[in-house]
Amino acid sequence: RQCDDSSRHAIINIHGLVIECISESPELVSAMVRPFKFFRTDFGQPSVSVTAVESEPPYSSFPSAASSFSTPRNIVFTRGDTKIIDYFGKGVVIADDNGRKHTIYGTDPNFLQEAFYLLVLSILGQYCDENGILRIHALTFSLNDTAVIFSAQSGGGKSTMAFSVLEKEGFKLISDDEALVDGGGSVLPLPIRMGTLDEARISSIPPEYVYSIDRMEFGEKYFIDIDYWEDKLERRLLKKKILFSVKRLINGNPYIESSSYFDTLKTLMSAAVIGLGLYQGMEFVFNNSPGEIFSRMPVFGRRLYAALKLAATAESYKIFLGRDHAENIKVMEEFLRKRQSGARR
């Protein structure tokens, strides 16, 4: 199938996961797939479809179903193979056909865009688990032929570091929020979009690359199209890996030290095996009974196995960041360049 910006459907292909976005509104289709420009394709056989309907959810047509799970954001209802996720009146997402067909209902374009974005990330998470790809909550970038995985908790400075990396010669962005490591140990590119709450940061960027979304729980945030940095995106699969576990200093100068295998594994347990900071919404959807929780245990076993392999093969360090961001980026850059210069001798 072929599509363009004026069509009512678009296709994205994220490392073999082919998703089709459908709507009566070409403008809505374009807005929903905007974060995934890097993965747009004109042809493909979708394995998952997502249809967005700009209307109030048809509650009266839904089957009678009891709630099976709830979060501060939504309530999940289950009947057979159908899941109905109600976002407290903002909209509804329906998953049918064992998760291969999804419908999003809502009247607010902000909700429709955010729901589609989170749904794609959830589907991607399942796809990674099924195909032996480890997801890690981390800023990921490259320097020459090495992938650098910068693992920090939310608020740990990943976004600030990402913008700084994009300004440095020789550095390229892989992903601003997560790393994907396949079964062969290669880091896969995942450039989606760059987000910031700082209006000053977008002041020098042409407006055609900038948009904002009023998010369900967290309010308005600015986003920058990833193709603004077209020549700074890493498109290769990289085997060499450096993993930084980020620690914050209340005072003092930044520094870097080696990380033990067990300290590295501890970082990966939270950032990859459990997936703290990654959107795992569909896992919560499916984990709504003891039987389903038990059925998911092999997934966490596979993640642990992949994390063990990564901890054994990556160069691992702890980086302690101070309050001076310019010093933080300087220390990290000097460390990486010195290490690579030494490796070439």
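**Notes on the model**

1. E315 and R339 form a salt bridge in which the closest N and O atoms are 2.7 Å apart. A salt bridge here is a side-chain nitrogen of Lys or Arg within 4 Å of a carboxyl oxygen of Asp or Glu. The pair links distant parts of the chain, 24 residues apart: E315 belongs to strand β21 (residues 315-321) and R339 to helix α8 (residues 325-344). Helices (H or I, at least four residues) and strands (E, at least two) are DSSP runs, numbered from the N terminus. E315 is partly exposed at 28% relative accessibility, and R339 is also partly exposed, at 21%. The classes are buried for under 20% relative accessible area, exposed for over 50%, and partly exposed in between (1.4 Å probe, protein chains only).

2. On provenance: the model is predicted, with local features requiring pLDDT of at least 70 and side-chain atom pairs counted only at pLDDT 80 or more, whereas totals for chains, interfaces and linings use all residues. Residues are numbered from 1 along each chain as its sequence is written, and side-chain values use heavy atoms, leaving out hydrogens and water.

3. How many salt bridges does the structure hold? The count is 13. One of them joins the side chains of R8 and E24, at 3.0 Å from N to O. R8 sits in the segment before β1 (9-14) and E24 in the loop between β2 (17-23) and α1 (26-33), so this pair ties together parts that are 16 residues apart in sequence. R8 is partly exposed at 48% relative accessibility, while E24 is exposed at 63%.

4. R236 and E234 form another salt bridge, with the closest N and O atoms 2.9 Å apart. Elsewhere, R34, K37, D225 and D227 are linked in a network of salt bridges.

5. A patch of negative charge on the surface gathers D108, D198, E199, D214 and E220. Patches take residues with over 30% relative accessible area and no salt bridge, and like charges are joined within 9 Å. Asp and Glu count as negative, and the place of a charge is CG of Asp or CD of Glu. Accessible areas come from the Shrake-Rupley method with a 1.4 Å probe.

6. Three strands form an open sheet in the order β10-β14-β15, with antiparallel pairing. Its edge strands, β10 (134-137) and β15 (187-188), each pair on one side only. Strands pair if DSSP finds at least two bridges between them; β10 and β14 (residues 178-181) have four. In this pairing, H137 stands opposite E178. Strand β14 also contains L180, which is buried at 1% relative accessibility. The C-alpha atoms of L180 and L308 are separated by 15 Å, with the two residues 128 residues apart along the chain.

7. Strand β11 (residues 139-143) pairs with β13 in the antiparallel sense over four bridges. L143 stands opposite F171 in β13. Is β13 (residues 171-175) largely enclosed or open? Four of its five residues are buried, so β13 is largely enclosed by the rest of the structure.

How values were computed:
Patches are made of residues with over 30% relative accessible area and no salt bridge: like charges are joined within 9 Å, nonpolar side chains (Val, Leu, Ile, Met, Phe, Trp, Tyr) within 5 Å.
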